[in-house]
Protein chains: 2
Amino acid sequence: MARIVMKFGGTSVADIARIHNVARHVKREVDAGHEVAVVVSAMAGKTNELVQWAQEMPRVSGADSPFFDAREYDTIVASGEQVTSGLLAIALQSIGVDARSWQGWQIPIRTDNAHGAARILEIDGSEIVRRMGLGQVAVITGFQGLAPDNRIATLGRGGSDTSAVAVAAALKADRCDIYTDVDGVYTTDPRVEPKARRLSRISFEEMLELASQGAKVLQVRSVELAMVHKVRTFVRSSFEDPDAPGMGDFDNPPGTLICDEDEIVEQQVVTGIAYAKDEAQISLRRVADRPGVSAGIFGPLAEANINVDMIVQNVSEDGSKTDMTFTVPTGDLEKAVRVLEKVKDSVGFDVIQSEAGLVKVSVIGIGMRSHAGVAATAFKALAEKGINIRAITTSEIKISILIDGPYAELAVRTLHSVYGLDKQ
Amino acid sequence: MARIVMKFGGTSVADIARIHNVARHVKREVDAGHEVAVVVSAMAGKTNELVQWAQEMPRVSGADSPFFDAREYDTIVASGEQVTSGLLAIALQSIGVDARSWQGWQIPIRTDNAHGAARILEIDGSEIVRRMGLGQVAVITGFQGLAPDNRIATLGRGGSDTSAVAVAAALKADRCDIYTDVDGVYTTDPRVEPKARRLSRISFEEMLELASQGAKVLQVRSVELAMVHKVRTFVRSSFEDPDAPGMGDFDNPPGTLICDEDEIVEQQVVTGIAYAKDEAQISLRRVADRPGVSAGIFGPLAEANINVDMIVQNVSEDGSKTDMTFTVPTGDLEKAVRVLEKVKDSVGFDVIQSEAGLVKVSVIGIGMRSHAGVAATAFKALAEKGINIRAITTSEIKISILIDGPYAELAVRTLHSVYGLDKQ
C-alpha cells in the first residue's frame, strides 16, 4: 500500500470520454490498494477561452488600457479546473470509486497575494489524508489556491504540475505521477531524432536543466519543487490503456522516474540533448570594463521584463574595453534593443549588434561533473559537421551552445549520436 | 441616494458585448449616487452545457444508473456564474466603476444541504454594505451559496432571481431590479394577444399567481421571497439603451413594479390572464368516498415526484362513490397512470380516464376578492365562443379553467378582452 498523487493535464481531460479514461487509471491504483489523490487541469482549450474573454473585456468596454484586475482574472480562469474536478468525481463514482472534488479554497491550498502568478505557501492536507485512509479519492483542482485576501489565486500557466508536486509533498505521498500526452522523458525530442530513447530515470538536477532548456514535458517550477521536497515524480502517458500490462507496476510503471541522483545506480555521462529555438543574440562592442557595468545593462532589461538567457563576457585584452554577448527570446529582441539604446551613453559602449532566429542546443548530464572532455567532444562533433558555434555557456551539468537556426536538427542529432544516446 | 440590487439573467450577459452593456446599466445607477450590488447568472447556454456534461458522465462511464452526486453537480454548474462575475467586474473597472466579484462562498450566502435545490438560510451582507458605502459595486454570483458541509450548493434552475431578492433583503435594499429580456410584466402573453399591455404595478400576490400559472418572467420562489420580505422588485429590460431617457428615473423606471398591494392605488378587478400548456387530465371514476382516499391517491404521486396541479372532487350523490379529477404535466402522464394502476385496489376506484394536451387558462386579480361575478363573466365569455370547460378551480384572487388545447389562444384573447385589459 502506498500513497500516490496522480496529475492529469488538459489534453488528458479534454472531453467526457477522456475523463472516463482518467477515472479508469485512478481506479487501477485504488484497486491495487493505494491511497490516491488526483490533481486536474482544465479541459483542453477551456483556459484559453476564459483567458481570451478576460483580455477582450477591457477592449470591448473601450478602456484606455488593456489592464485587467488579476484577482478577477483568477476568479474567471479558475473555473476551468472546478468543472473538471466535479466531472472526474462523478466519473469515479460511476465506476464504483468513492471520490469527492476539492477546490483550492476548500482544502485550503494557501498562496501568496501575487494573483495570476501566485506561489503556494502552505497546504493543509489533514482532512484529505483522513479521508484517503477511509478509501476516498480526493480530486483536487490544480493551478489555484486561496490568497490571504480570501480570493482565488492562480499559479500562472502550467501551474497544475506545480500543484501536483506541492500536494504530493504536503500529503507525504510516495510518488507523484504526472500523466501527460507523452509517455516519458526522452534523450531528446523524438520529432527531431527518431532514435531518441525514453529514459527510465533522470535526476532532479538534469530534469531541471532539460525543462529550462526547452523540453516541455514538465514546468520548471514543478521540478524545482520536487527537488526541494524530494518528491519522486513519474512522467507517464494518460493515453495508454489504463489496464495494459505493467501499467499498475508500482516499482516500474511505464514512464520516466524523476528522482534523487542517489537512486540512479549507473549514471550516464550525458542524459539528454535539449534545444530552444527562436533565440536572439545581442552583442555590445567595446563596453567599458568597470564595476557596475553589468548591472547597468541587465537591470534595465529586467525592469522591461525581458528574460536574458546566455551571458558571455570575455576578459578584455587591455583591461579597459570588452565585448559582451547575451541572448533573449526573438520576440523580445526589438524591445531589448530599444532599452539598450537608451542606456548606451550611461553604460558606455560603442555598438549594438544583434541577430535573431538562432538556436540554443544543450547537452545535459550529471555524470559530466566527473568526466573531463565532454565539452570538447561536442565542439569537435559540431565542427566536423561544419556547424559554427556562436557562443558557449556551461554549468556543472550542462553545456549550452548557440548556433544558427537552420542547423538545429543536425546539431541535435549529431550530439545525440556522439554521446551514444541512440544506443540502448 | 438609494441602495439598489440589480440582477441580470443569462441572455443579458450572453457575451462580452452584452456584459459591457450591463456595465453601462450599472454605471448609470452609480453615477446617480446610488449604492449598487449586482447579481449575475451564467452566460446564456453555459449552464446547459455544464448540466449536459454532468448528466453525460455516468452514461459514458457505463454506470448502471444515471445517478450523479448533487454536490459535484453543484461544483460544476456553479462555475458559470463565477465566470460572469469576474468578467462584469473587469467590465465595470474598464469604464471607471470600482467593483469586485463575490462568490457565494466568499460572502457567504449560507444555504441548507439540499444540493441542487438548496434554500438560502442566511446572508452576511456586512462587508458588502461597508464597501458599498465606499463606492464599490459588489458583483455577486447568483444561483449559489455555501452549504453547511463547506461545499458549493446551487438553488436549482432560475435560482438567480431568488438570489437577487434574498441579497436585496439582506442588504436592506430600497429596490431589486430584475433585468431580463422582456421589459416588464404584461396583462397576458403578447405573443398570443398583441393588445396585451405592460402593467406599471402588480401586487406580490398577483405576481405569485401569474408566475405559478405559467408566466415565465420571474421564478415563483423569488416572488414568494419578495412578498415575505417586502422587497420592492422591478422587472425591466436589459436590452434597452442604458442611457435612454427615463432609464435612470428612480421612482418610475420603465418596467413593472412588484410591490405590496397598499402601494397600488387603483386596484383592477382583473390584472392578467395566464396560461399553461401541456396539461394532462386524469379522472378516477367511482372512487370510494371515505376518509384517507385522497392521501391514498396523491401520496404515491408525490413520492413519484409528480406535480399535481388542479384537483376537483365533487360531492358524491349518495355518499359512497365520487369522481375525482386532477391535472399533471403531460410529460408525467404515463408515469402517473402507472402509479395509479398500482394503488387501484387499495384506494378503490373503477376506471382511470386520462387526456393529454390540455391547457389551463387563469384569470388573476386582487380586486376579485371584493367583486362578485368575475367567474361568471369568464364562463359566459368562453361559452359564447363555444369553448368547453373541463374543470374549474378557484382561489381568492384566481380562477383557473381547464380547456382543450386548440382553444388556448382564443380563450386567452377572449378573457383578456372581456375584462377590459386591452384598454388603457
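Helices (H or I, at least four residues) and strands (E, at least two) are DSSP runs, numbered from the N terminus. The views below show a predicted model, in which local features need pLDDT of at least 70, side-chain atom pairs count only at pLDDT 80 or more, and totals for chains, interfaces and linings use all residues. Residues are numbered from 1 along each chain as its sequence is written, while chains are lettered from A and ligands numbered from 1 in the order in which they are written.

**View 1. Surroundings of A:Thr11.** A:Thr11 sits in the loop of chain A that runs between β1 (3-8) and α1. Because A:Thr11 has 16 C-beta neighbours inside 10 Å, A:Thr11 counts as partly exposed; a residue is buried if 20 or more other C-beta atoms, placed from the backbone, lie within 10 Å of its own, exposed if 12 or fewer, and partly exposed in between. Leaving out residues up to four places away in sequence, A:Thr11 touches A:Ala44 and A:Asp181; two residues are in contact if their C-beta atoms, placed from the backbone, lie within 7 Å. A:Gly62 is 51 residues from A:Thr11 along the chain, and their C-alpha atoms are separated by 35 Å.

**View 2. Domains 1 and 2 of chain A.** Chain A is divided into domain 1 (3-263) and domain 2 (272-418), with bounds from an automatic or database domain assignment. Taken over C-alpha atoms, the domain centres are 33 Å apart. Domain 1 of chain A brings 15 residues to the contact and domain 2 of chain A brings 16 residues. On the domain 1 side, helix α7 (residues 204-212) gives the most, with 4 residues. That side has 4 nonpolar, 5 polar and 6 charged residues (Ala, Val, Leu, Ile, Met, Phe, Trp, Tyr, Cys and Pro count as nonpolar, Asp, Glu, Lys and Arg as charged, and the others, Gly among them, as polar).

**View 3. Contact between chains A and B.** The contact takes 34 residues from chain A and 33 residues from chain B. On the chain A side, the elements giving two or more residues are α1 (16-31), α2 (46-60), α3 (70-77) and α4 (79-94). Of these, α4(A) gives the most, with 11 residues. The chain A side divides into 19 nonpolar, 12 polar and 3 charged residues.

**View 4. The axis relating chains A and B.** Chain A is superposed on chain B by a rotation of 179° with 0.1 Å of shift along its axis (RMSD 0.2 Å), by least squares on the C-alpha atoms of residues with pLDDT of at least 70 in both. The two copies are therefore related as by a two-fold rotation axis. In chain A, A:Ser79 has the C-alpha nearest the axis, 2.5 Å from it. The same surface serves both copies, as 97% of the contact residues of chain A recur in chain B.
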